[in-house]
Amino acid sequence: MDIFRDHLLTWIIFSPLLGLVPLFLFPSGREKQLKGVVLALSLIPLGFSLWLFASFQGTGAYEFQEMVPWMRGYQAAYQVGVDGFSLLLICLTTFLLPLVLLATWNDVHRNVKGYLFFFLLLETGILGVFSALDLLLFYVFWEAALIPMYFLIGIWGGEERIYASIKFVLYTMVGSLLMLVAILYLYFAAGHSFYWGDMAALHLPRMTQIVLFAAFGLAFAIKVPLFPFHTWLPDAHVQAPTGGSVILAGVLLKMGTYGFARFAIPFFPEAVRALGPLLAVLSVIGIVYGALVSMVQVDMKKLVAYSSVSHLGFVVLGLFSLNAQGVSGATLQMINHGLSTGGLFFLVGMLYERRHTKLIADFGGLATSMPLYSTCFFIMLFSSIALPGTNGFIGEFLILLGSYQTHPILTTVATSGVIFAAIYMLWMAQRVFLGKVTPKNQNIADLSLREGVVLLPIIVLIFWIGFAPGFLLDKINPTTEVFLKTKTEKISIPPSPVTGEGRGEGGDTN
Amino acid sequence: MEKLFNTDWNLLLQLALPMVLLAGLGMSLLLCSAFFPRDRPKIFLGVLLLAILGILFYTWMQWRVVVPLSQEMLLFDRFSYSLDLIVLVTLLIVLLLCSKYVSAEGTRSSEVYALFLFAVVGMMLIHHGADLIVIFLGIEIMSLSSYILTGSRRGIIRSYEAAMKYFILGSFASCFLLYGIALAYGVTGSTSLASLQSLSLAADTSGNTVLLTMSVAFLLVGLGFKIAAVPFHLWAPDVYEGAPTPVTAFMAAGVKTAAFAALLRIVLALGHLPQIPWIPVLWILSALTMTIGNLVALRQTHIKRLLAYSSVAHAGYLLVGVTAALQNNTLSDATLGGVVFYLFAYSLMTLGAFGVVVAMGHRGEQVEELSDFSGLSQRHPFLAAALTVFLLSMAGIPATIGFAGKFYLFAGAVEAGFYGLTILAVLNSVISVYYYFAPIIKMYFQPPRGYELPPLSYPLLAAVFLCLFTVLYLGIFPSDLFLMARESVKELIF
C-alpha cells in the first residue's frame, strides 16, 4: 500500500488515464461494455481522492507533497501538493466524472471512444491544475485541460458548436498566454524557481505587482468568467453536450476562482489592495447582470449558464473580502455551485434527451407527468437559490457575512442577486413544472433508475453540506487562516518538507 | 594562405566525414542512374536510409567528442554538429516521405535522392563554414538543388512556375549576400568570420562604419530571404505551393535551419560591434515576421500556403530568440540553446504536418485544399490525430515539443528584458491558434466528403509516426534535448 500512499496525489492525477487502456483494447461495436468498463475505472480516482480526503490533516500547509525534477536547465519540477482549497476541488472533480459518464450513457452514440478519451484527458488536466505547486506545471495542465474541452464541444456539441468551441479556446488562450509571460517574469525574479513558495515569498514593487496581477487576473477572470469577460460562457454551455456542460460549470470554471485564491492573491498583496475593490465591483456587476440576463432567457440551458455568471460572482466577491468568513464561504461555494449547477445541467440534459428541446415555452405541467424528476429539479433549484437547509445557503451566507465587513455597499447590491436568483429560477420552474400539462408533455417517462443513481449522490451532498457543513469547513478553515496570514503579513511560507529552502539554489542553474 | 598547407588532412577527413560521405553517395547515385537504365527506388531508398542512419550516428559521436577547431575555411564545434544532426534527421524523414511521390511522378528516384543529398551537403557547409565565402558556397549548393527539386513535378505548370520564381528571386538574394560579403571584405581585408569577430572599429574610422553597416544590411537582406523573414518572404507561399510536397517539407525544415545557422554565425560574429543597431533591427524584423506571417495565414484555404505562412511566423519566433540572445553582449547559453531547440522542434512538427499532406495525395494528384480534410477523423483516425498533434504543437499547446520550444524562446526573451516583444509573440500565438485549428475543425467537426482515401505506404506511415512520437515525447520530457542544445552553444568559435 505504500506505493499508493506515498504517491497518492500522483495516483489521483494520472489514474484517470487507466481508462484509456480499454479504449485501445475494445473492438468497435461494443460500446455498452466499453462504457461500463470505463465507468468502473473512473471510480478508481474517486476512491483515491476519498482516501486523500480521509487522511488529509488540515494543517493549512501543503500535504502529500511530491517533487521530481522535470525540465532541467530551467528549474521546473513535477511538484504537487494539496491544501484545503485544492482538496475539495479534487474530490469534486473525481466525484462528478463517474456521474457524467453514467448520465450520458444513452446520450452519445457517435464516436464513443473519442468521447471517453477526451473526458479522461480532461479529468487528468483538471486534477493536475488543482494539485500543481510548480507554476510551469500548473500552466501545462491549465492549457492541457483546454484542448479536450474544445473537442468535446466541437464534436458532440449543438448546431453552433464550431463557433462556440473556437471562441472558448481563443478567449482562454489570450488570458493564459499573458499569464505565461508573467510566470516567466516571476521565475527570474524568484531566482530561477517555478516553485509556488519561492514566488509567494517575493517582495515586488507595487507597480510590478499590479502589472503581473493584471496578467494573472485576466487569465483567471476569463475562466471564472467575470463580467465583462463572460461572453464565451453562454455559447460554450449551450453548445456543449450535457457531460461537457456539467464539467465546464462544475469544475472548469473553478480553475479561475482557484487561480485567484492560490496564485493571484497571495503573490501580489499590494496589487490586491489596489485592484481588489475593482474586482469586487466587477463581481457584483456580474452577480446582478447574470441574474437579470437569466431572467429573460427562453432556453433552460442558457438560463443555467447565465446563473453561473451570477453565482461565480459571489465566489469572487467572497475571495476579495479577504476575511475568514468570506474566503471559507467562497471555497465552499465553489463546491456548492459544482453540485447544484452540475445537477441542473444533468436535469436539463435528461429533459433534452426526452423531448429534444430546451426551450422553456415547450414545457408545462411536468410536475404531473414526471413527479420524481420534478422533485429532484426543485431540490437542485433550492440549492442554487440558496434556500436554508441546502448547501447553497451556507456558502452564500458566509460570503455575504464576510464581504459585508469589507464592502458593505457592494454587498447590499449583491444581495439583490439572491432575490433575482429566486425570481428567475422559480419563474422558470413555474412555467416548466406547474400549471396544466400540455399534450406533448403528457407521456414523458419519469426518471429511470440510472438517472436516479446519477442524481442521488448530489442530492445527498446538498443536504449533508446544508445541515452539517463542518466536515468540509474543518478542512478549509486552516488553509484560509494561512491564506489570510500570508496575504496580510507576507510571512515566509512554511518550507516544503521535500525541498527544504525551495529550489532556487543548487541544481544545474545556468 | 600558408595555413592551408599545414592542414592535417587526416583530422579534416575525420571531422568532415559526414559531408564527404553524403557527397560521395550522391555522386554514386548519379553514376548508378547513368549505367543502369532501370530505376530501383526501393533499393536506393534502403541503402540511403541505412547510410544516413550511420552518418547520423557518426555525427552524434562527433558531437560528443569534438574539440572546437577552426582551420580558416571550415570549423567544427558542437553548434555546427548539432545543426548537422537536425538536417540529417530532416533528410531521413524527407526520404521516407518522398518514396511514394517518386514512384508516382515518373521522375527518376536516383536523381531526386541525389539532389536531396547535395542540398544537405550544402547545408553542412553552411554550418561548418568559417569563411563567408564558404557559407556562400554552401548556400548556393543548397539553393541550386532546391530550385531543381521545386521544378521536379513533371508536366505541372505550377511547379515550373514555382521553380522559376524561386530561382530568380533566390539569385537576386544571393547577389545581395555576395555584395554584403564584398563590402565586409572591404572593411577587414578578409572574408573569414574570425577576422570579423576580432574587428573593433575605432571611433574615427567612420568610413568603415558606413561600409560595415551597409555590408550587414545586405547580408541581412540575403539571409532574410532564405529564412523567409518579412518583408523578404513573398516567394515562400508560391514556391511552397508549387513544389512537390516532400520538397516543400524539406525547404520548410532543412533550408530554414541552415539559413538560420548562417544568420546566427554572422550575427554572433558581428554582434559585439556597438556601431550596428542590432537590437532595433532584429526586434522590428521579428515583430514584422511574426505578425504579418500570422495575419496573412488567417485567410488561407490551401493547406500548403497556410503552412508556408506559418513557417514565416515561426521564423519570427526564432528571431525573437536571436534578438534575446544578442542582448547585453554576454550571450546567454540558455537563450541560444532555446533557438537551436526550436529549430529542431520546428523541423519535426513541420515535417510531420507535411507528411500528412503527402499521405493525403492520391496517384500523383495532390490534395491540398482545406476542405479536402473534411471528416478525415472518421476515414483515417491516425492521420487526423497526427495532423492534429502537429498543428497543436505549432500553436504551442503544452505536452508537445512546440510548447517546450516556445517556452525556451520566450523565457530567454523575458530574461533579456524584452517584455514588449514577448507579449507581441504570445499574442501572435493566440492569432495562430485560429488558423491552426481550421484544419482540425474540418477533420473532426465536419462530415466526410466523397474523397477516396489513398492506400498508405509503410515508409510514409513510419515517417509520420516517428515525427508524432518525437513531438509528444520531447514535448513531455524536453530537458535532455534542451541540455544538449545548450551544450552545443557553450563553446562557439569563429
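Analyst: What follows covers the network, then a further pair and the helices around it, then a surface patch.

This is a predicted model, so local features need pLDDT of at least 70, side-chain atom pairs count only at pLDDT 80 or more, and totals for chains, interfaces and linings use all residues. Side-chain values use heavy atoms, with hydrogens and water left out, residues are numbered from 1 along each chain as its sequence is written, and chains are lettered from A and ligands numbered from 1 in the order in which they are written.

Start with the network. B:Arg158, B:Glu161, B:Lys165, B:Asp238, B:Glu241 and B:Arg305 are linked by salt bridges. A salt bridge here is a side-chain nitrogen of Lys or Arg within 4 Å of a carboxyl oxygen of Asp or Glu. Over all chains, the structure holds 14 of them.

Helices are DSSP runs of H or I with at least four residues, numbered from the N terminus. B:Glu161 is partly exposed at 42% relative accessible area. B:Lys165 is partly exposed at 29%. The scale is: buried under 20%, exposed over 50%, partly exposed in between, using a 1.4 Å probe and protein chains only.

B:Arg305 and B:Asp238 also pair, at 3.1 Å from N to O. B:Arg305 is in helix α13 (residues 303–326) of chain B and B:Asp238 in helix α10 (residues 235–242) of chain B, so this bridge ties together parts 67 residues apart in sequence. B:Asp238 is partly exposed, at 24%.

Now compare a pair in chain A. A:Glu270 bridges to A:Arg273, with the closest N and O atoms 3.8 Å apart. They are three residues apart in helix α15 of chain A, so about one helical turn lies between them. A:Glu270 is partly exposed at 29%, while A:Arg273 is exposed at 55%.

Helix α15 (residues 269–295) of chain A packs against helix α16 (residues 300–321) of chain A at about 155 degrees, axes 8 Å apart. Axes are lines fitted to C-alpha atoms over the stretch in contact, and angles run from 0 to 180 degrees between N-to-C directions. The two are therefore roughly antiparallel, a label for angles over 145 degrees.

Last, the surface. B:Ile476 is in helix α19 (residues 458–476) of chain B. B:Ile476 is partly exposed, at 39% relative accessibility.

Conventions. Parallel < 35°, antiparallel > 145°, perpendicular 65-115°, else oblique.
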